Amino acid sequence: MHHDFFHPDTLATMIDTHHHSVQVEDSLTHSSLNDLIQGHCLALRIPQFVPSEICMQWQQCIRAAEDLKRYEHAQDVPVSRIGMTLFETENQPEKLAAYLKDAVHTFSRIEALLSGGNPVWQLHMELGMAWPASFARPKMNGQEMNPGIIRAFEADPQGGLPPHVDFLLKDVPGATYFEDITCQLAANLYIDTGEGGGELEIWDFMPSAEELPTLFQGHHDFIDRSRLPTAPLVIQPQVGELILFRSQCVHAVRPVERSMRMAASCFIGYFGDEKPLHVWA
């Protein structure tokens, strides 16, 4: 059975220009999450989600990490991570099995690395308190998916991440147990922002499943920015800040000039007001 990547109501959606805004809050709330899910704002920022002193401790731990590795099928992209991501599975059974096996150990690896701290778990807990139906870690083939990753962008003038979209049904097309997903958010908790560059770009543009292939530049699933119909919203993250946005909108990360840009990251799936928010990476 064929599924479009996006819910019919959002196909080829261009968010109204008056929604081209950033909402800033002191904490995650049901109202602010709902505003983002419904497209009333383009991004949600929670400054000082984690104190900068704690982030500075985590920075040192991550720099010393031995299992910080580049994406398996994108060795040319100067981004490393701890924890395997769903898009790395390329919808291949043996890679999906490796992903699910790796997922079991991700929390303990992060906690061991960060001396008992766990920014991914902290994010999940805050989500659970903000959303009436709490959160859930979804399963595939009876096994829990990876709950989140630590990701580091290396300083590189050719680095960053070109424009792209992230969506569950793009990574695992035909997965009937996820077919009710109507919105996916990306959550990034910034542990370090590097020195110069590293800005987050978000476009007011959500391409349909049919449009998306026409935008590809031919390298991985990256999009040719010259084919995008609008200019992006540009955000400079701050240390300790949590930023959420709809990952079905085209987004990118500009190259980091010096040092390293680090974040704890996961995706959040919306399946309806009465359903838990699903969290995975």
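Two strands count as paired if DSSP finds at least two bridges between them; strands are DSSP E runs of at least two residues, numbered from the N terminus. This is a predicted model, in which local features need pLDDT of at least 70, side-chain atom pairs count only at pLDDT 80 or more, and totals for chains, interfaces and linings use all residues. Residues are numbered from 1 along each chain as its sequence is written, and side-chain values use heavy atoms, without hydrogens and water.

**View A. Pairing of strands E9 and E14.** E9 and E14 (residues 251-253) run antiparallel and are joined by two bridges. Histidine 164 stands opposite histidine 251 of E14.

**View B. The open sheet E9-E14-E11-E12.** Four strands, paired antiparallel, make up this open sheet. Its edge strands, E9 (161-164) and E12 (233-235), each pair on one side only.

**View C. Leucine 28 in the largest nonpolar core.** A nonpolar core is a set of buried (under 20% relative accessible area, 1.4 Å probe, protein chains only) Ala, Val, Leu, Ile, Met, Phe, Trp, Tyr and Cys residues joined through side-chain atoms within 4.5 Å. The largest has 40 residues, of which Leu28, Leu33, Leu242, Leu244 and Ile268 touch the most other members. A second, separate core of 30 residues includes Leu96, Met140, Met206 and Phe267. Beyond four places in sequence, leucine 28 has contacts (heavy atoms within 4.5 Å) that include Leu44, Ile46, Leu123 and Glu126.

View D. Glutamate 195 belongs to strand E10 (residues 183-197). Because its relative accessibility is 44%, glutamate 195 counts as partly exposed, the class between buried and exposed (over 50%). Glutamate 195 and serine 259 are 64 residues apart in sequence, with 5.8 Å between their C-alpha atoms. Glutamate 195 also touches residues including Val256, Glu257 and Arg258.
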